Amino acid sequence: MGDGIAALGLLWMLFVAVLAILWILVPFAIFGIKPLLRDLIREQKTTQALLTTISQQVYPISVEATRTQAGHADRIDTTPHA
């Protein structure tokens, strides 16, 4: 019985030691990730700007294609098509 309690005590101390190490290291990991997150956000904004430019260039082409499909040069279907 005494050996089982000693093993549980050892296991508990090991768990507390690992938890203490993580408690100390996690803030450094969080602050170390911040510059990487800033880079990702910057890249995402650049990608969004490029996608906006591309969509503005593609939209008139789709309107022109709709115009020729309808056969009416005076009426343009600007409703979105799925």
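How many salt bridges does the count come to? In this predicted model, the count comes to one salt bridge. The side chains of D39 and R42 form it, with a separation of 2.9 Å from N to O. That value lies within the 4 Å cut-off for a salt bridge. Both D39 and R42 belong to helix α1. Three residues separate them, about one turn of the helix. D39 has a relative accessibility of 36%. D39 therefore counts as partly exposed, since this class runs between 20% and 50%.

The overall fold is described next. The chain contains one helix and zero strands. Helix α1 covers residues 2-70, and the chain has 82 residues. Of these residues, 2% count as buried. The chain exposes about 7600 Å². Carbon and sulfur atoms supply 72% of that area.

Is L22 buried, exposed or partly exposed? The relative accessible area of L22 is 46%, so L22 is partly exposed. Patch residues need over 30% relative accessible area, and the 46% of L22 is the value to set against that cut-off.

Conventions: Residues numbered from 1 in each chain as written. Predicted model: local features only at pLDDT ≥ 70, side-chain atom pairs only at ≥ 80, totals over all residues. Heavy atoms only, no water. Helix = DSSP H or I, 4+ residues; strand = E, 2+ residues; numbered from the N terminus. Buried < 20%, exposed > 50% of the residue type's maximum accessible area, 1.4 Å probe, protein only. Areas by Shrake-Rupley, 256 points an atom, 1.4 Å probe, with all protein chains shown as cover.
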